[in-house]
Amino acid sequence: MLDLTPIPSFSDNYIWGLSDGRQAWLVDPGDAEPVITWLENKKLDLRGILITHHHADHIGGLAQLLAYRPNTPVYGPETDKIKAVTDRVQDGTELNIGPWHATVLDVPAHTLDHIAYYLAPDASQPGVLFCGDTLFAAGCGRLFEGTAKQLNQAFKRFKALPPETLICCAHEYTLANLAFAQQVEPGNPKLQERCQQEKCKREAGLPTLPSTLAIELATNPFLRPHSPEVQVSAKHYAKADLVGEEAIIATLRRWKDNF
Ligand SMILES: [Zn+2]
């Protein structure tokens with residue numbers, strides 16, 4: 001049985017902890033302290049670490065965690081920006097994460113070295129996507145290094161996964177993203193419904209994650225460049241006619257950067 005835990009760190013990051021009740025794996029440990037507390041409280045043995053990209057809030061805890069558990073395998077992208085990676089992975093690399101099977105997807109956009117990990121479904125769980133800062137609940141990551149074309153390609157890969165896939169993003173940005181989404185697509189009833197649900201979770205001190213691909217497809221404007229209302233809003237913001245999904249996504253991203 002997969003136990004999937006968003007471990008809060010810094011002001012709005014989540015480090016994802018996976019465990020089978022005895023062994024544990026981590027995704028993007030930007031900080032070591034909250035993770036070590038989680039491991040000790042649950043009496044878990046750290047067996048591996050997955051890294052999605054080189055930003056400090058995703059890798060900052062590596063040195064302390066490797067001092068805490070030397071020789072822990074660290075999986076990460078082919079880049080020289082993350083020295084602690086022991087196992088370099090790339091698009092299509094298959095990994096055994098304890099009893100689970102994972103596949104690596106190259107998704108350059110937020111950074112050029114960005115990868116995602118898709119844990120295949122089994123009897124205990126739907127598939128799980130660790131998408132780092134590429135896709136957020138109701139939003140997406142900034143384009144620091146890549147292009148809107150690359151972001152759209154990444155989204156197409158995510159859209160090809162089963163709709164029940166659990167989406168594990170690395171930040172709690174959901175309410176701010178929903179405020180933007182409402183500006184873009186105010187006539188989407190599923191979006192209105194989601195706003196209420198996510199507000200209730202935050203008021204109760206609960207994470208809004210994981211999300212599911214189905215929820216994102218229905219409410220995340222960055223996955224909805226085909227929606228007539230999203231198109232009209234993007235064209236209005238750009239004060240220009242926009243042709244194609246990439247142009248819509250590029251405009252939405254620029255709009256959100258200034259929102
Ligand atoms: Zn990042």
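This is a predicted model: local features need pLDDT of at least 70, side-chain atom pairs count only at pLDDT 80 or more; totals for chains, interfaces and linings use all residues.
Which residues in helix 8 meet which residues in helix 9?

On the helix 8 side, the residues are Val230, Gln231, Ser233, Ala234, Tyr237 and Ala238. They meet Ile248, Thr251, Leu252, Arg254 and Trp255 in helix 9. Sorted by class, this contact of helix 8 with helix 9 holds seven nonpolar residues, three polar ones and one charged one.

How do the two helices sit against each other? Two packed helices are described by the angle between their axes and by the distance between the axes. Here, helix 8 covers residues 228–238 and helix 9 covers residues 245–257. They pack at an angle of about 60°, and their axes are 9 Å apart. Because of that angle, helix 8 counts as oblique to helix 9. As for the handedness, helix 8 passes helix 9 in a left-handed crossing.

Have a look at strand 1 and its partner, strand 2, at residues 13–19. These two run antiparallel and are joined by seven bridges. Ser9 stands opposite Asn13 of strand 2.

Phe10 lies in the loop between strand 1 and strand 2, and its phi is near 50°, a positive value in a residue other than glycine. Asp28 is placed in the loop between strand 3 and helix 1. Asp28 also has a positive phi, of about 55°, although it is not a glycine.

Now for what the record says. An unreviewed UniProt entry places the feature "domain: Metallo-beta-lactamase" at residues 12–171. In the model, the chain over residues 12–171 is 21% helix and 34% strand. The end C-alpha atoms of that stretch are 5 Å apart.

Next, another helix pair: helix 5, residues 174–184, and helix 6, residues 189–203. Is helix 5 roughly parallel or roughly antiparallel to helix 6? They pack at an angle of about 160°, with their axes 10 Å apart, which means that helix 5 is roughly antiparallel to helix 6. Helix 5 passes helix 6 in a left-handed crossing.

The residues meeting here are Thr174, Leu175, Leu178, Ala181 and Gln182 from helix 5, with Leu191, Gln192, Arg194, Cys195, Glu198, Lys199 and Arg202 from helix 6. By class, the contact of helix 5 with helix 6 divides into five nonpolar, three polar and four charged residues.

One last stop, and then I'm done. Which two residues does a cis peptide bond join? They are Leu209 and Pro210, and omega is about 0°. You will find Pro210 in the loop between helix 6 and strand 14, which is residues 211–212.

Notes. Residues are numbered from 1 along each chain as its sequence is written. Side-chain values use heavy atoms; hydrogens and water are left out. Axes are lines fitted to C-alpha atoms, for helices over the stretch in contact, and angles run from 0 to 180 degrees between N-to-C directions. Helices (H or I, at least four residues) and strands (E, at least two) are DSSP runs, numbered from the N terminus. Angles under 35 degrees count as roughly parallel, over 145 as roughly antiparallel, 65 to 115 as roughly perpendicular and the rest as oblique. A crossing is left-handed if the near helix is turned anticlockwise from the far one by less than a right angle, and right-handed if clockwise. Contact means heavy atoms within 4.5 Å. Ala, Val, Leu, Ile, Met, Phe, Trp, Tyr, Cys and Pro count as nonpolar, Asp, Glu, Lys and Arg as charged, and the others, Gly among them, as polar. Two strands pair if DSSP finds at least two bridges between them. UniProt positions are given in the numbering used here, feature names are shortened, and annotations may be inferred rather than shown by experiment.
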